[in-house]
Amino acid sequence: MAQTKRMLWASCLIFVLVQCHLPSAKCSHALSNVGINWGALTSHPINPYIVVDLLKDNVINKVKLFDVDSWTLGALAGSGIEVMIGIPNDQMERLSNSGQAEQWVKQNLTKHLHGGVDIRYISVGNEPFLASYENKYRSSTFPAMKSIQKAVEKAGVVDQVKVTSCLNADVLDSGSDKPSDGQFRSDIKDVMKEILQFLNDNNSPFFINIYPYLSLYLNPNFPEELAFFDAGRSFEDKGATYTNVFDASVDTLVWALKKEGYSDMKIVVGEVGWPTDGHKSANKDKARRFYHGFLKKLGNQQGSPLHPGVLDVYLFGLFDENLKSIEPGKFERHWGIFEYDGKPKFPVDFSGKGEDHKWPVGAKGVRYLEKQWCVLSEDVKEFSGPVYEALGYACANTDCTSLGYGCSCADLDIRGNVSYAFNQYFQARDQSIEACDFDGLAEIVTSDPSKGTCKFPIVIESAATSLKTRDAIIHILLLGFALFFVTFM
C-alpha cells in the first residue's frame with residue numbers, strides 16, 4: 001500500500017511538471033515555406049513554452065531568432081520547428097577568432113542540437129552593412145562568418161547547419177529604380193564578392209530583408225499601390241512586368257547576383273512584413289491588406305518575374321517589441337502580427353488560401369497583472385509646466401510611440417496623452433505604486449481608460465518572473481518529494 005501511494009505521489013509530481021507543455025490542438029497547415037521572426041526586445045516577454053504552443057497552433061514550422069537564449073531553445077526542443085539562430089553584430093569581432101568561434105559553436109549550437117533543437121541556419125550578424133552603420137561592421141562580418149563556418153565543420157554538423165548573414169536590401173543599388181540596374185553598393189562590393197563566394201562554396205542561401213512598407217515611408221511620392229499585391233499599378237523593365245515593389249526588390253537582387261556570376265544562388269527573404277502603429281501608413285488595415293495579398297501570392301507559388309515559383313520567407317514579426325530602437329521610426333516597435341500579449345491583431349491566413357476573415361490562434365495561458373491603470377489625476381485642472389514635464393519624463397522612459405499624428409492614439413486630448421504616458425510608465429514597472437506618483441499628478445484607477453483605437457494596456461507577467469516562479473515551485477515540490485521519502489521509507 002505504501003509503495004502504491006509513493007507511485008501515485010510521483011505520478012502527480014510528474015504531471016505538475018509537464019502538464020503545461022502538452023501539445024495544443026492545431027489549425028489548418030501553414031505554408032511550408034513560410035517562417036516567422038521571433039524578436040526578444042521587449043520588457044515583458046511571453047513564456048517561450050507558450051510561444052512554441054502558439055507556433056504549433058498556427059502550424060508555423062520555421063522560426064528565426066536574433067540571438068541564442070537557452071530557455072527559448074529549450075522550449076523549441078522536440079517541437080519539430082526548424083530554427084535559425086543569430087549572432088549579434090557586436091559579437092562578430094570577437095568571433096573572428098577561431099578559438100572563440102569554436103567555443104561559441106559548442107555552447108550555442110551543438111549543445112542545443114544534441115538537446116533536440118532542429119537548428120538549420122546561423123546568421124552571422126543582422127543587417128551588418130546597413131548604410132546608417134557607416135561601415136562599422138564591414139571588417140568583422142566576413143572574418144566571423146569564416147570562423148563560425150570552420151567551427152561548424154569541426155563540430156561535424158556542416159551538412160545540417162548552414163552559415164550565412166541576413167542582409168538588408170540596402171546592400172543593393174539601382175540608380176534608375178529598375179531591377180535590371182541592380183548591383184551591390186560600391187562601398188561594400190569587394191566584401192560582398194567574398195561573401196558570395198563563401199555562400200556558393202558552402203551551399204548556403206543568400207538572406208535578404210525586404211520591406212515594401214519602407215518604400216512608402218521613406219518616399220512620400222511612392223505609389224502606394226505598388227506596396228501591395230492587388231495589382232492597382234504596374235511598370236515594365238526589360239520585358240518583365242512588375243505590379244509590386246516586393247517582386248522588383250527580389251529581381252534587383254537576382255540581377256545583382258547575375259552580374260557577379262551567381263545566377264543560381266538560393267534566395268531566402270529573412271524579413272518581410274508591415275507595422276501596425278507609429279506612423280500614418282502603419283495600421284492594422286494596411287497590415288491586413290499586405291499579408292492577405294502576400295500570403296495568397298505565396299500560396300499560389302507566384303514568385304517574381306525572374307525568380308518564379310516557391311520562395312522561402314520569414315514574416316516580420318511575431319510580437320511587438322517595446323524596447324526596439326525607434327531611430328528608424330516609431331513604427332519599429334509595432335511589427336508584430338500578434339500584440340505584446342500574444343493576441344492576434346487582424347485576420348491572417350497562414351495557409352495561403354486567401355481566407356479574408358481567418359484569424360490566427362492566439363497565445364494561451366498568458367497571465368496578466370491586476371486590472372488597474374495609472375492616469376492623470378482628476379484633481380489636476382490646469383495643464384501647466386509640471387504636467388508637461390511629467391509627460392516628457394514618462395515618454396523618455398517608456399514607450400509612447402502610439403501617440404502622435406496618424407498613430408492609434410492620435411485622437412486623445414492632452415489629458416489622454418498624459419494618462420497614456422503615465423500608464424505606460426506604470427505598467428512597464430510592473431504596476432509599482434511608486435511608479436504612479438509623478439509628484440502627486442497621477443492616480444491609480446480600476447476603470448479602463450482606453451478610447452477608440454487607443455488601448456491602455458495591462459502588463460503581462462513576464463517570462464523572467466514566470467521562470468522564477470516555476471523554479472520556486474519545482475524546488476518546493478522536489479524538496480517535499482525528498483522529505484516524503486526520508487520520512488516514510
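I take contact to mean heavy atoms within 4.5 Å. The model I am reading is predicted.

**Entry 1: overview**

I started with the whole chain. I count 13 helices and 14 strands in the protein chain. The protein chain has 489 residues, and 51% of them count as buried. I then looked at the range of its contacts. Among contacts between residues at least 6 apart in sequence, 72% join residues at least 24 apart.

**Entry 2: helix 6 against helix 7**

Which residues of helix 6 meet helix 7? I find Phe-142, Met-145, Lys-146 and Gln-149 on the helix 6 side. Across from them, helix 7 supplies Val-191, Glu-194, Ile-195, Phe-198 and Leu-199. I sorted the residues of this contact by class: six are nonpolar, one is polar and two are charged.

Next I checked the geometry. Helix 6 covers residues 141-155 and helix 7 covers residues 189-201. Their axes lie 10 Å apart, and the packing angle is about 15°. Because angles under 35 degrees count as roughly parallel, I log helix 6 as roughly parallel to helix 7. I note the crossing of helix 6 with helix 7 as left-handed.

**Entry 3: helix 5 against helix 6**

I turned to the other partner on my list for helix 6. Helix 5 spans residues 98-114. The axes of helix 5 and helix 6 come within 8 Å and cross at roughly 60°. Helix 5 and helix 6 are therefore oblique to each other. I record their crossing as right-handed.

From helix 5, I list Ser-98, Ala-101, Glu-102, Trp-104, Val-105, Leu-109 and Thr-110 in this contact. They meet Ser-147, Ile-148, Ala-151, Val-152, Lys-154 and Ala-155 of helix 6. By class, I get eight nonpolar, three polar and two charged residues for the contact of helix 5 with helix 6.

**Entry 4: nonpolar cores**

Where do the nonpolar side chains gather? In soluble globular proteins, nonpolar side chains tend to be buried together. Here I find that the largest nonpolar core has 101 residues. Ile-148, Phe-206 and Leu-315 have the most contacts inside this core. Helix 9, residues 245-259, gives the most to the core, with seven residues. Ile-148 had already come up in my list for the contact of helix 5 with helix 6.

**Entry 5: backbone checks**

Which residues does a cis peptide bond join? I find it between Phe-316 and Gly-317, with omega about 0°. Gly-317 lies in the loop between strand 12 (312-315) and strand 13 (373-376).

I then looked at positive phi values outside glycine. Asn-203 has phi near 55°. Asn-203 sits in the loop between helix 7 and strand 8 (206-209). Is Asn-203 buried or exposed? Its relative accessible area is 61%, so I mark Asn-203 as exposed.

Gln-301 also has a positive phi, of about 55°, and is not a glycine. I place Gln-301 in the loop between helix 10 (284-299) and strand 12. The relative accessible area of Gln-301 is 51%. Because exposed means over 50%, I mark Gln-301 as exposed.

Key. Residues are numbered from 1 along each chain as its sequence is written. This is a predicted model: local features need pLDDT of at least 70, side-chain atom pairs count only at pLDDT 80 or more; totals for chains, interfaces and linings use all residues. Side-chain values use heavy atoms; hydrogens and water are left out. Axes are lines fitted to C-alpha atoms, for helices over the stretch in contact, and angles run from 0 to 180 degrees between N-to-C directions. Helices (H or I, at least four residues) and strands (E, at least two) are DSSP runs, numbered from the N terminus. Angles under 35 degrees count as roughly parallel, over 145 as roughly antiparallel, 65 to 115 as roughly perpendicular and the rest as oblique. A crossing is left-handed if the near helix is turned anticlockwise from the far one by less than a right angle, and right-handed if clockwise. Ala, Val, Leu, Ile, Met, Phe, Trp, Tyr, Cys and Pro count as nonpolar, Asp, Glu, Lys and Arg as charged, and the others, Gly among them, as polar. A nonpolar core is a set of buried Ala, Val, Leu, Ile, Met, Phe, Trp, Tyr and Cys residues joined through side-chain atoms within 4.5 Å. Buried means under 20% relative accessible area, exposed over 50%, partly exposed in between (1.4 Å probe, protein chains only).
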